[in-house]
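Subject: Structure for your attention

Dear colleague,

Please find below the structure that I am handing over to you. A summary of the findings follows it.

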Amino acid sequence: MPEVTTPYATGTPCWVDLMAKDQQAALDVYRDLFGWQGQPGPAEFGGYAVCELNGKAVAGIGPAMAPEGMPTPPTVWTSYLASTDAQATQDAIVGAGGTLLAPVMDVGNLGRMLIAADPQGAVFGVWQPGEFFGAKVVNEAGALTWNELHTNDVPGATGFYGEAFGIEIEPMEGADSYWELRVGGRAVGGVTLLANDPPGTPAHWLTYFAVDDTDSTVDALVKRGGTVLAPPFDMAAGRMAVVADPQGAPFAMIKPTPM
């Protein structure tokens, strides 16, 4: 089991979470889909649930809350990039042309976080670990396996994420119009063009979860009221599909090709 035992390097996707209008319904759906276990957490953390797979933290699901008079945020999965100094990263994000949506805040002793958007509008989180450094299990069925930036400006993204995190964006060998996010020479995510998304789709980060069987997992989600955005298809990395959960949060699932 690929268990993560050390903090993630700066710029590496380290956590994903979902803010759902109906938190319990979301917990139930992902339990049925991926085998996650999670309950609403303490009030001091807004009831945020840390979901576990076989006893190891895998993703977060919280209740969507909006400040007084503000619209409830969209139901989406948010990718968090690791940082050793959230305040310095926040300064770098602003300096590189990004927009702060939720400035640096402490999350008890667990760590520090912020939410921002890159210059193209793709929203992401930043996590500075304290006692909690992020997903304890990745790259196995039911767990996070890939984070992908969808943008119409790859040079702009290269400049922004390079300046804010030291991430390098390089063309992926053997792939047309696909790029790798690289941290310390290692691929940690991907970049693709918005032209491949439905017209009008804004820039965004897409979360991929690994599954044992793409087709049957898609069928199970549809039975629970989810929708299919891109039916299962075979590609270089495996058999994947893009779906939305019953509350509308898009994500991808993939049965990876064995290495």
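Ser-177 is placed in the loop between strand S9 (168-171) and strand S10 (179-183); helices (H or I, at least four residues) and strands (E, at least two) are DSSP runs, numbered from the N terminus. The phi angle of Ser-177 is near 55°, a positive value in a residue other than glycine. With a relative accessibility of 35%, Ser-177 counts as partly exposed, where buried means under 20% relative accessible area, exposed over 50%, and partly exposed in between (1.4 Å probe, protein chains only).

Please note that this is a predicted model, in which local features need pLDDT of at least 70 and side-chain atom pairs count only at pLDDT 80 or more, while totals for chains, interfaces and linings use all residues. Residues are numbered from 1 along each chain as its sequence is written, and side-chain values use heavy atoms, with hydrogens and water left out.

Asn-54 also has a phi near 55°, a positive value in a residue other than glycine. Asn-54 belongs to the loop between strand S2 (49-53) and strand S3 (56-63), and its relative accessibility of 56% makes it exposed.

I turn next to the helix pairs. Two packed helices are described by the angle between their axes and the distance between the axes. Here axes are lines fitted to C-alpha atoms, for helices over the stretch in contact, and angles run from 0 to 180 degrees between N-to-C directions.

Helix H1 (residues 23-34) and helix H4 (residues 214-223) have axes that come within 10 Å and cross at roughly 155°. H1 is therefore roughly antiparallel to H4; angles under 35 degrees count as roughly parallel, over 145 as roughly antiparallel, 65 to 115 as roughly perpendicular and the rest as oblique. The crossing of H1 and H4 is right-handed, a crossing being left-handed if the near helix is turned anticlockwise from the far one by less than a right angle, and right-handed if clockwise. On the H1 side, Val-29, Leu-33 and Phe-34 meet Thr-217, Ala-220 and Leu-221 of H4, contact meaning heavy atoms within 4.5 Å. The residues of this contact comprise five nonpolar, one polar and no charged; Ala, Val, Leu, Ile, Met, Phe, Trp, Tyr, Cys and Pro count as nonpolar, Asp, Glu, Lys and Arg as charged, and the others, Gly among them, as polar.

The axes of helix H2 (residues 86-95) and helix H3 (residues 154-165) come within 8 Å and cross at roughly 150°. H2 is therefore roughly antiparallel to H3, and the crossing of H2 and H3 is right-handed. Thr-89, Ala-92, Ile-93 and Gly-95 of H2 form the contact with Phe-160, Glu-163, Ala-164 and Phe-165 of H3. The residues of this contact divide into five nonpolar, two polar and one charged.

Some buried residues remain to be reported. Thr-214, a residue of helix H4, is buried at 1% relative accessibility. Neighbours within four places in sequence aside, the contacts of Thr-214 include Pro-232, Arg-239 and Met-240.

Gln-128 lies in strand S7 (residues 123-129) and is buried, with a relative accessible area of 18%. The side chain of Gln-128 reaches the backbone nitrogen of Ala-86 at 2.8 Å. Not counting residues up to four places away in sequence, Gln-128 touches Ser-83, Thr-84, Asp-85, Ala-86, Gly-111 and Arg-112.

Yours sincerely

Technical notes
Polar contact = N/O pair within 3.5 Å; in protein donor to acceptor, adjacent residues only side chain to side chain.
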